[in-house]
Amino acid sequence: GQVQVFFRARLTDPAVFAGEESLEVALWRPQDIVWNELAFRTVHWALEHYLQHVESGQFPLDGRPVPA
């Protein structure tokens, strides 16, 4: 099994670039996210969780089992 942890942080510089494990990176407004092009289901879940809670500023832990 896997455990993935996502962190929320503020960018100190909007210049982002791809590293060793990424082909490309970009900053997206929530309404412009191309959901069906996200590579991993866990990223979809993390973004969805963030967007559900961003207005309250409270981000409770969330665990989701991956179906077999």
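1. Ala, Val, Leu, Ile, Met, Phe, Trp, Tyr, Cys and Pro count here as nonpolar; Asp, Glu, Lys and Arg are charged; the others, Gly among them, are polar. On that scheme, the lining of the largest pocket has 27 nonpolar, six polar and seven charged residues.

2. This is a predicted model, where local features need pLDDT of at least 70, side-chain atom pairs count only at pLDDT 80 or more, and totals for chains, interfaces and linings use all residues. Residues are numbered from 1 along each chain as its sequence is written, and side-chain values use heavy atoms, without hydrogens or water.

3. The protein has one helix and zero strands. Both are DSSP runs, numbered from the N terminus: helices are H or I with at least four residues, strands E with at least two. The C-alpha trace spans about 35 × 30 × 20 Å along its principal axes.

4. Of the 68 residues, 4% count as buried, meaning under 20% relative accessible area with a 1.4 Å probe, protein chains only.

5. His49 sits in helix 1 (residues 41–53). His49 counts as buried because its relative accessibility is 13%. Leaving out residues up to four places away in sequence, His49 touches Phe59, Pro60 and Asp62; contact means heavy atoms within 4.5 Å.

6. Among contacts between residues at least 6 apart in sequence, 23% join residues at least 24 apart.

Key:
Buried < 20%, exposed > 50% of the residue type's maximum accessible area, 1.4 Å probe, protein only.
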